[in-house]
Amino acid sequence: MLRWILALLLIPFLDAVLLAVIVTQFGFVNWVGMVLLVVLTGLVGMLLVRAEGRRTIRKMQRSMAQGKPPTNELLDGGLLIAAGAFLLTPGLVTDLIGFLLAVPLTRIPIRAALKRFVIVPYADKKTGGFASGGVWTFGFPDDGTAREQSEPTDGGTYDLGDDDYTVDGTEDSYTIEFGDDGTDDGDERDDDPLAR
């Protein structure tokens with residue numbers, strides 16, 4: 001969290017340094033011209049954010065009418081809100097970041113990177129892998145020996161180990177015999193009509 005705060009404090013510092021360098025290096029640009037440039041980039045950026053916001057809302061309505069979740073459009077909306085905040089902050093560096101977030105040509109790769117490196121890992125961490133489908137539905141994920149035993153052999157059959165149980169059956173009934181090492185003093189299961 002501290003590095004994010006330092007990064008946010010670094011941006012205004014870079015803005016101030018860049019403005020000072022431009023004013024001192026270029027004689028034809030004075031302080032009034034620099035202030036006008038910052039205000040002009042902010043206004044143009046806000047018009048761009050407004051137009052992209054309307055376009056994103058239309059795309060969101062269209063995808064919801066088709067019955068699809070508007071995940072990309074919601075991310076675009078969040079990025080456009082961040083772009084508006086950067087464009088309202090005076091400075092050339094913040095305006096550049098705002099334009100990168102507002103223009104679709106650069107916003108789409110930023111959105112893809114945000115989904116891949118931030119949103120999906122966070123959702124997987126919170127849901128145990130259900131967000132991206134990386135869950136174990138079979139076997140033992142932490143035990144390598146159990147995974148080796150459950151690999152299919154020839155013809156799609158699975159080797160379950162050394163004679164864990166046997167199944168004998170006919171068309172109407174079947175019998176399962178477990179290879180228990182325990183002793184059975186009285187076999188009460190023979191009297192049960194459901195245990196065939």
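## Overall layout

Along its sequence, the protein chain runs α-α-α-α-α-α-β-β. That gives 6 helices and 2 strands. The model is a predicted one.

The protein chain has 196 residues, and 19% of them count as buried. Contacts can also be sorted by distance along the sequence. Among contacts in the protein chain with a separation of 6 or more, 43% join residues 24 or more positions apart.

## Helix α2 against helix α4

Two packed helices are described by the angle between their axes and by the distance between those axes. Helix α2 covers residues 31-65, and helix α4 covers residues 92-102. Their packing angle is about 20°, and their axes lie 10 Å apart. Because angles under 35 degrees count as roughly parallel, α2 is roughly parallel to α4. The crossing of α2 past α4 is left-handed.

On the α2 side, the contact uses M34, L37, V38, T41, G42, V44, G45, L48, V49 and E52. On the α4 side, the partners are L92, D95, F99 and A102. Sorted by class, this contact of α2 with α4 holds 9 nonpolar residues, 3 polar ones and 2 charged ones.

## Helix α1 against helix α4

Helix α4 also packs with helix α1, which spans residues 2-25. Here the angle is about 115°, and the axes are 7 Å apart. From α1 come I11, L14, D15, L18, L19 and I22. From α4 come L92, V93, T94 and I97.

The class count for α1 with α4 is 8 nonpolar, 1 polar and 1 charged. L92 of α4 takes part in the contact with α1, and L92 is also listed in the contact with α2.

## Helix α5

Helix α5 takes in residues 104-127. This helix bends at K115, by about 40°. Just past the end of α5 sits G128, with a positive phi of about 70°.

Buried residues in α5 include R107, R111 and D124. What do the buried residues of α5 pack against? Their partners are α2, α3 and α4, where α3 is residues 71-88.

## Helix α4 in summary

Helix α2 packs with α4 at about 20°. Helix α1 packs with α4 at about 115°. The buried residues of α5 pack against α4 as well.

Technical notes. Residues are numbered from 1 along each chain as its sequence is written. This is a predicted model: local features need pLDDT of at least 70, side-chain atom pairs count only at pLDDT 80 or more; totals for chains, interfaces and linings use all residues. Side-chain values use heavy atoms; hydrogens and water are left out. Axes are lines fitted to C-alpha atoms, for helices over the stretch in contact, and angles run from 0 to 180 degrees between N-to-C directions. Helices (H or I, at least four residues) and strands (E, at least two) are DSSP runs, numbered from the N terminus. Angles under 35 degrees count as roughly parallel, over 145 as roughly antiparallel, 65 to 115 as roughly perpendicular and the rest as oblique. A crossing is left-handed if the near helix is turned anticlockwise from the far one by less than a right angle, and right-handed if clockwise. Contact means heavy atoms within 4.5 Å. Ala, Val, Leu, Ile, Met, Phe, Trp, Tyr, Cys and Pro count as nonpolar, Asp, Glu, Lys and Arg as charged, and the others, Gly among them, as polar. The bend at a residue is the angle between axes fitted to the seven residues ending there and the seven starting there. Buried means under 20% relative accessible area, exposed over 50%, partly exposed in between (1.4 Å probe, protein chains only).
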